[in-house]
Amino acid sequence: MASISLIFVILLLAIVVIVVLAILRLRRGQTVSVPVCGNCSYPVRGLPTFTCPECGSDLREVGIVTPTTRRPLPPLVLAIIWTLILPVPAMVVSVVVIGVVPLVQETTMNVHYLAPSSGAYAGLDLESHSQNTVGSGIPIRPYELVFALRMNPGPAGDMKTSTMRMDVSSNRCSYLDAAGKPVEGSTGLSAETLRAWMAAAGVDTKKPQVQVEIAEIMSTIQSLLAGTMPSTGSIPFTNRGGGTSSNTSPPRWLVPSLGGFWLLVWLLGIIRIVWKRKPLPV
Ligand SMILES: [Zn+2]
């Protein structure tokens, strides 16, 4: 990653150097060896009047270009130079800023329950999503839990699933019932919410073994909410698996913000070039 940025910066620098050299060459080609009319470039050395004999312009108005005169660069050329040069400091500053802003760690914890002893469904997956600033010392707490219930294959071999999401800060659960109507659990997450969701998906929740499984799932949820993987004990499922994965990255707002900032700087530069080069009203 760092080496790619370095190659990019060197490439940009090379482009800028080439363009600046090309422009300097172009300007050198425009210089003159004798004083000439500012309008038509006709040599005007030793003229007794201020009127150009070639084009008839008043030399006091159109000016005389001498070998030492440097013509101002046209706005378009200035705009191109600005556009090519800006990315270099922008890259360097952005890389420094990204290095200074604390990284955000995204952690996903998964618990998979397979083959429940009740046989009332095929399995259940729990997933917690958490986000915390690296080095803040704040323990990892999930902001969302996702539950996926996998039903037993139907007569046609179809595998139905039902998903319930829980927003941790508001303690609200939502899922679609059998008719596809959204249901919002208003009582927060409880064994009753889980039971109602599973019943809506078609699980026979009256089975005592299902009640035992719900109790086990509830204890797993408590672990996930505390940011820890559940301990393994005697479980009413034939199989339980899962794991934790996390990845650290700069905060999501950082790159768009930097992009917006440099775009604004570029735009202000362009406005300044155009505004400054506007001819004065006569
Ligand atoms: Zn002239």
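Colleague: Which residues does Leu145 touch, not counting residues up to four places away in sequence?

Modeller: Leu145 touches Leu126, Glu127, Ser128, Met166, Val168, Ile221 and Leu224. Two residues are in contact here if their C-beta atoms, placed from the backbone, lie within 7 Å. This is a predicted model, in which local features need pLDDT of at least 70, side-chain atom pairs count only at pLDDT 80 or more, and totals for chains, interfaces and linings use all residues. Residues are numbered from 1 along each chain as its sequence is written.

Colleague: Is Leu145 buried or exposed?

Modeller: A residue is buried if 20 or more other C-beta atoms lie within 10 Å of its own, exposed if 12 or fewer, and partly exposed in between, with C-beta atoms placed from the backbone. Leu145 has 21 other C-beta atoms within 10 Å, so the residue is buried. You will find Leu145 in strand β5 (residues 142-150). Helices (H or I, at least four residues) and strands (E, at least two) are DSSP runs, numbered from the N terminus.

Colleague: Good, now helices. Which residues of α5 are buried?

Modeller: First the general idea: an α-helix has 3.6 residues a turn, so residues three or four places apart point the same way. In helix α5 (residues 191-201), the buried ones are Thr193, Leu194, Trp197, Met198 and Ala201. They lie on the same side of α5 because they cover an arc of only 125° around the axis, the arc being that of the directions from the helix axis to the C-beta atoms. Their packing partners are β5, β6, β7, β8 and α6 (208-225). Just after α5 comes Gly202, with a positive phi of about 110°.

Colleague: And strands? Which face of β7 is covered?

Modeller: In a regular strand the side chains alternate between the two faces of the sheet. For strand β7 (residues 172-176), Cys173 and Tyr175 make up the covered face, while Arg172, Ser174 and Leu176 make up the uncovered one.

Colleague: Which strands pair with β7?

Modeller: Two strands pair if DSSP finds at least two bridges between them. Strand β6 (residues 161-167) runs antiparallel to β7, joined by four bridges, and Met164 stands opposite Tyr175 in β7. Strand β8 (residues 182-185) also pairs with β7 in the antiparallel sense, over four bridges. There, Gly185 in β8 is the bridge partner of Cys173.

Colleague: What about the hairpins: which residue takes a positive phi near 80°?

Modeller: That is Gly180, in the hairpin of β7 and β8, which has five residues between the strands. The hairpin of β6 and β7 has four residues between the strands, and there Asn171 takes a positive phi near 60°. Asn171 is a residue other than glycine. With 14 other C-beta atoms within 10 Å, Asn171 is partly exposed. Ala115, in strand β3 (residues 104-116), likewise has a positive phi, near 45°.

Colleague: Let's step back. What radius of gyration does the chain have?

Modeller: The chain has 36 Å, whereas a compact globule of 282 residues would have a radius of gyration near 19 Å. The radius is taken over C-alpha atoms, and the globule rule is 2.2 Å times the number of residues to the power 0.38. Along the principal axes, the C-alpha atoms fill a box of roughly 115 × 40 × 35 Å. Of the 282 residues, 14% count as buried.

Colleague: How is the chain divided into domains?

Modeller: Domain bounds come from an automatic or database domain assignment. The division gives domain 1 (34-70), domain 2 (72-101 + 251-282) and domain 3 (105-249). Between the C-alpha centres of domain 1 and domain 2 there are 37 Å.
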